[in-house]
Amino acid sequence: MPPAADAGAPASQHGSGTGIAGLAVAAIGVVYGDIGTSPLYTLKEVFNGPHAVPVTPENVYGILSLVFWALVFVVSAKYVIFITRADNRGEGGIMALTSLVLRAVPPGRKAWLLSVLGVFGAALFYGDGMITPAISVLSAVEGLEVATPAFRPYVLPIALVVLFALFLIQRRGTGSVGKVFGPVMLCWFVVLAVLGIRGITLHPEIVAALDPRWALRFFADMPLVGWLSLGAVVLAITGGEALYADMGHFGRRPIKFAWFLVVFPALYLNYLGQGALILDHPDNVRNPFYLLVPDALVYPMVAMATLATIIASQAVISGAYSLTRQAIQLGYAPRMRTIFTSEREMGQIYVPSINWMLLGAVVALVVGFRSSSALASAYGIAVTLTMMIDTLLAFVVVRELWGWGKARAALFLAVFLTVDAAFFSATTVKILAGGWFPLLVGALIFTLLTTWKRGRDMLNSRIRSDTMPLDIFIQSMFASPPPRVDGTSVFLTTWLEGVPRALLHNLVHNKVLHRRVVLLTVETADVPHVPDRERVAVEELDYGFFRVRVSYGFMDDPDLPVALERCAEFGLKFQMMETSFFLGRETLVSRVAGGMARWREKLFIVMFRNAGSAADYFRIPPNRVVELGTQVEL
């Protein structure tokens, strides 16, 4: 393993003292919201779910031991210690990990299979992102039932109001709200720890649950019950993968310190407290989290838990926006309208279509399942499958990039894949009870992403095959030069060796060329960010023609007018009021012998027709854009 595998992270994310402490607090607010709200429902589902574990002292000890070692193996060891070292120039997440893996594997069937795994893992995130707000907010509001059963009819309406409000405020951005996320979640974890300690005082011997022999004995005595219980125990680690996805915002060290110094101890103290409460009286399994709370503080605790679940949901929603942007940049999704909600923080974005899609799905989940216990049946399967994919991709990294030997890499794969497979296999029994939902969503999103990628490749190939070579075109200009007019014309193209169709159409219809003709292509590198000094490359050709390449990372925000300003360093200066951008508007026609199944061709055509405008996506001034239509057969 390299000694400084996270050296690619931004410098501002690495430091000491108050710098790391501040970033650690911020990370607590963003990274650990999902896993931080797991105590609301995990033990309740273990002892009350469809495969409820009988409430006996031995089983309580066994479950608490399982929870502890799940947090140790999956979150602490796999994610915090190992996978966060597999950063792509400081960025994490499954798309960044996939790009890193493909850099280490030569093109071929293996690379294709790994890319498919990565895209499927990304698709599963959307299913998880729909369930997280629903189950988190519902489980928080259900605390009102503990205070008094009279609130039972109002739990569902209150949860829906909270969720509607959460999605409606997304357009305002999360920057100002985000400033309080860290301190609020820090208070939340302190409260979790205090409540846990309060419960532990009932039965101090409960701390013996850290002994792994309790978990082993639990499995030995009841192997089937033990295996099925993993489907509920996994709720304790859902959200663990988020710390890797959000690594680029904070850096590896603050995330690691926050986990080991605050989050892990607070979580497990609370689980121990709930376990002690169940030992004190078995009836407490009906809602051990809220029954830990003194009666006078139940209502304030419901309010605080609701706020914590809103923060947890916000992190997932923002993650869906970011993942969508990465998919667009990498060519897996059509352009979508994206609103930047901060002038200083480029990562703060709002994607309206994704926001309303998530809201519709979340409302349907809440209305359809009606309780956090019912939703727990749908939760976990997408997360565990994503964790398995992370393990497989990380294995390629440790083997190919870090240079681990076969034995060491195989041990890494065997240990973590065995744990992941155990959890995943246990969640498969939930498929008919609701687990089908995130799998269905993942399959649908995966189909859309791969269809768009394949369709764009086919379209570009078709356009190139019908395109005149640029060098021949320029030579013809000398033989029969058209009239030239003042100004600069910019033609966006995916292939700089050919003549864009929009250029030919302009010449045929208007019979003139501008004095400067710029053929411009935008490329996405397999890194999160491209330095400004490497943003553009300019090549001057004959007859006033220029070729310009603009490069972005998959987490950069495209802004062509700003990028073109850097062309002045190469002697190509742009005056926006004297520059016209010509865009091709293709109309696609499906053909019988296409390169995709007929239904996928039709799906791609619908997606293509509804894709966002290139002018809006690249921030080109609308009054400088000219669109020319053409018809293309797939």
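Author: Start with a rule: two strands pair if DSSP finds at least two bridges between them. The model here is predicted.

Reader: What makes E5 and E6 a pair, and in which sense?

Author: Strand E5 (residues 536-540) and E6 share 5 bridges, in the antiparallel sense. The rule asks for at least two, so they pair. Alanine 537 stands opposite arginine 549 in E6. The two strands form a hairpin with 4 residues between them. Tyrosine 543, in the turn, has a positive phi of about 65°.

Reader: In which sense does E4 pair with E6?

Author: Parallel, over 8 bridges, with E4 covering residues 513-524. Here threonine 521 is opposite arginine 549.

Reader: How many residues of E6 are buried?

Author: In strand E6 (residues 545-552), 7 of 8 are buried. Buried means under 20% relative accessible area.

Reader: Why is arginine 370 called exposed?

Author: Its relative accessible area is 54%. The cut-off is over 50%, so arginine 370 is exposed. Arginine 370 is in the loop between helix H17 (352-369) and helix H18 (372-376). Its phi is positive, about 70°, although it is not a glycine.

Reader: And what is arginine 619 called, buried, partly exposed or exposed?

Author: Arginine 619 has 34% relative accessibility, so it counts as partly exposed. That value falls between the limits of 20% and 50%.

Reader: How do you know that the span of helix H20 agrees with its 22 residues?

Author: At 1.5 Å a residue, H20 (residues 406-427) should span 32 Å. Its end C-alpha atoms are 31 Å apart, so the span agrees.

Note on methods. Residues are numbered from 1 along each chain as its sequence is written. This is a predicted model: local features need pLDDT of at least 70, side-chain atom pairs count only at pLDDT 80 or more; totals for chains, interfaces and linings use all residues. Side-chain values use heavy atoms; hydrogens and water are left out. Buried means under 20% relative accessible area, exposed over 50%, partly exposed in between (1.4 Å probe, protein chains only). The expected span of a helix is 1.5 Å times one less than its number of residues.
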